[in-house]
Amino acid sequence: GMTILNDSQLLSVGWDDTGFFAKNGKHQPGKLDIGAQPTSISTGKSITAIVTVKGLLILKDGKASGGIIPLKYDANCVCVSKDDQNIFVGGNDNKIYVYTSTGTEYKVIDDAHLKPVTALAVSDDGRMLAAGDARDVCVYSLPDLTPIVGKSKWCFHLQKVTTLAFSPDGKVVASGGSDDSIYLWSLEQHSKRIHYQFAHRGGVVGLTFKKDAAYTLVSAGRDSCVVQWDVAADVKSKFA
């Protein structure tokens with residue numbers, strides 16, 4: 001995984017249990033000893049969370065604030081809130097766990113998903129959380145975590161959801177999956193969707209909307225490609 005820190009450094013973490021820093025296209029001195037194989041990484045404002053096969057590691061401005069916090073379950077994905085107040089972790093036990101920025105668990109969503117939670121994303125305004133599993137994409141309001149879109153509504157992926165992204169205006173959720181597909185979902189008209197088949201052969205592994213263009217989507221896949229999609233016309237015709 002990769003994330004951008006608040007000083008614009010790029011932090012990449014790999015299966016060699018190590019994190020490396022880069023800025024302006026150049027490697028920076030030093031490296032991060034993660035202490036375990038990472039599974040997912042996310043940054044809010046100054047807090048970065050890494051879930052590993054051994055637990056949760058929390059960084060402050062790119063530096064570890066302590067050791068790995070053991071978890072009672074296998075963690076698949078992580079997302080830090082925009083204000084650094086919450087860390088959301090998707091579990092292999094079908095639950096979403098919520099932690100403080102220091103790693104204290106204080107809430108669990110334990111009945112919303114039927115399959116392991118494999119992807120998480122927070123909207124740019126910090127008011128919504130999207131979560132994906134082997135079938136469903138669900139959306140929750142923040143901070144109360146009440147369902148906006150519950151299970152069995154956005155359930156058209158044929159294999160697990162691997163990545164999620166909100167549009168800058170918070171009106172559209174994009175999901176990518178191991179089924180090679182990208183879906184766009186309308187938060188204003190829940191019954192409508194846009195489907196891009198065969199987006200990446202082997203599966204989609206990353207999605208994000210460009211911040212300087214409301215409906216320009218960037219995707220990465222197991223086909224070794226990064227693709228930029230102008231979806232503005234499709235969103236206007238389908239969701240308007």
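## A buried isoleucine and the basis of the model

Ile-96 is found in strand S11, which covers residues 96-99; strands are DSSP runs of E with at least two residues, helices are runs of H or I with at least four, and both are numbered from the N terminus. With a relative accessible area of 0%, Ile-96 is buried, where buried means under 20% relative accessible area, exposed over 50% and partly exposed in between, for a 1.4 Å probe and protein chains only. Ile-96 and Ile-58 stand 38 residues apart in sequence, and their C-alpha atoms are 18 Å apart in space.

This is a predicted model, in which local features need pLDDT of at least 70 and side-chain atom pairs count only at pLDDT 80 or more, whereas totals for chains, interfaces and linings use all residues. Residues are numbered from 1 along each chain as its sequence is written, and side-chain values use heavy atoms, with hydrogens and water left out.

## The largest pocket

Rolling a probe the size of a water molecule over the atoms shows where empty space is left. The largest pocket holds about 1800 Å³ of space. On a 1 Å grid over the protein atoms alone, a pocket is an open set of points with protein on both sides within 12 Å along at least five of seven lines, whereas a cavity is a set of points where a 1.4 Å probe fits but cannot get out, and lining residues have an atom within 4 Å of a point. Grid points are joined across faces, edges and corners, and the volume is the space filled by probe spheres set on the points.

By class, the lining has 26 nonpolar, 16 polar and five charged residues, with Ala, Val, Leu, Ile, Met, Phe, Trp, Tyr, Cys and Pro counted as nonpolar, Asp, Glu, Lys and Arg as charged, and the others, Gly among them, as polar.

Gly-206 is found in strand S21 and is buried, with a relative accessible area of 17%. The C-alpha atoms of Gly-206 and His-157 are separated by 16 Å, although the two residues are 49 apart along the chain.

## Aromatic pairs

The structure holds five aromatic pairs; rings of Phe, Tyr and Trp (its six-membered ring) pair if their centres lie within 6.5 Å, and planes under 30 degrees apart count as stacked, over 60 as edge-to-face and the rest as tilted. The ring centres of Trp-154 and Trp-185 are 5.2 Å apart and their planes meet at 15 degrees, so this pair is stacked. Trp-154 sits in the loop between strand S16 (147-149) and S17, and Trp-185 in strand S19 (residues 182-186), so that the pair links distant parts of the chain, 31 residues apart.

Trp-154 counts as buried at 1% relative accessibility, and Trp-185 likewise counts as buried at 1%. Trp-154, Phe-156, Tyr-183 and Trp-185 form one aromatic cluster. Arg-193 lies over the face of Phe-156, at 3.5 Å from the ring centre; a charge sits over a ring if NZ of Lys or CZ of Arg is within 6 Å of the ring centre and within 35 degrees of the ring normal.

## Polar contacts of buried side chains

His-113, in the loop between strand S12 (105-109) and S13, is buried with a relative accessible area of 6%. The side chain of His-113 makes polar contacts with the side chain of Asp-133 at 2.8 Å and with the side chain of Tyr-140 at 2.9 Å. A polar contact is a pair of N or O atoms within 3.5 Å; within protein, one must be able to donate a hydrogen and the other to accept it, and residues adjacent in sequence count only if both atoms are side-chain atoms.

Ser-219 lies in strand S22 and is buried, with a relative accessible area of 1%. The side chain of Ser-219 makes a polar contact with the side chain of Trp-229, at 2.8 Å.

## Backbone features

A cis peptide bond, with omega about 10 degrees, joins Leu-142 and Pro-143. Leu-145 has a positive phi of about 65 degrees although it is not a glycine, lies in the loop between S15 and S16, and counts as buried at 9% relative accessibility.
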